[in-house]
Amino acid sequence: MNIATTRGPAKTMSLPNILTYARIAAIPVVVGCVYAESIMDGPLWLRWVALAVFIAAGITDYLDGYYARIWDQHSAFGRMLDPIADKLLVASCLLMLAADNSIHGWTLWAAIVILCREILVSGLREYLAALRVSVPVTKLAKWKTTIQLIAIGFLIAGEAGEQILPATTLIGIVLLWVSAIFTIYTGWDYFRAGIHHLIKEDEG
């Protein structure tokens, strides 16, 4: 009992998990800065603060997995929390960017596709986990996430970025559509795997 109780907190507070906590903590900072600049008519430099924090959060997404591998600090808690942190970051930013009109018109459909896919995959993961079935993340899914984060980064920069690169918002919108297309494809992979195991379960 003593060994179990000491090992649990140690894994929970490992560096990879701390980086995941930091990614979640970054969400209100990013959203708050964008909200203050666009909705509350705050100074434009808040966009740069939001972008800097967002980039730092994106880097932790790579580092937590990297350190978990090289230091063999994998944990069930980390595997559960890491994708949740990613989805919270992406969903919060997309909703805020829609609220401040950075994402509008037809581009809203790209954001809707991305959000619906995240909900679908979360549900399928929960179902497959109950069957003790693991669906590995494909390289295409990792590319999708990378493009998605880059797109959101450009959109967060927004008007502030336009002062340096006039096509900042346009680049963000184009990349968001590319990400949405990848999202549909990778989401179909998860859905197909879920249906396969669902049929096998019913037949059994």
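Reply: Glu-37 counts as buried because its relative accessibility is 11%, where buried means under 20% relative accessible area, exposed means over 50%, and partly exposed lies in between (1.4 Å probe, protein chains only). Please keep in mind that this is a predicted model, in which local features need pLDDT of at least 70 and side-chain atom pairs count only at pLDDT 80 or more, while totals for chains, interfaces and linings use all residues. Residues are numbered from 1 along each chain as its sequence is written, and side-chain values use heavy atoms, with hydrogens and water left out.

Glu-37 sits in helix α2, which covers residues 15-38; helices (H or I, at least four residues) and strands (E, at least two) are DSSP runs, numbered from the N terminus. When residues up to four places away in sequence are not counted, Glu-37 touches Gly-42, Pro-43, Leu-44, Leu-46 and Arg-47, and such a contact means heavy atoms within 4.5 Å.

Ile-156 belongs to helix α6, and it is called buried because its relative accessible area is 1%. Although Ile-156 and Trp-48 are 108 residues apart along the chain, their C-alpha atoms are separated by 8.2 Å.

Ile-156 is also one of the residues with the most contacts inside the largest nonpolar core, which has 29 residues; Phe-54, Cys-93, Leu-94, Ile-103, Ile-152 and Leu-176 are the others. The elements that give two or more residues to this core are α2, α3, α4, α5, α6 and α7 (168-203). A nonpolar core is a set of buried Ala, Val, Leu, Ile, Met, Phe, Trp, Tyr and Cys residues joined through side-chain atoms within 4.5 Å. In soluble globular proteins, nonpolar side chains tend to be buried together.

Phe-54 shows how such a residue is surrounded, for it touches Val-30, Leu-89, Cys-93, Leu-149, Ile-152, Gly-153 and Ile-156, again not counting residues up to four places away in sequence.

For contrast, Trp-71 lies in the loop between α3 (45-70) and α4 (76-99), and it counts as partly exposed because its relative accessibility is 44%. Thr-138, found in the loop between α5 (107-130) and α6 (139-162), is likewise partly exposed, at 36% relative accessibility.
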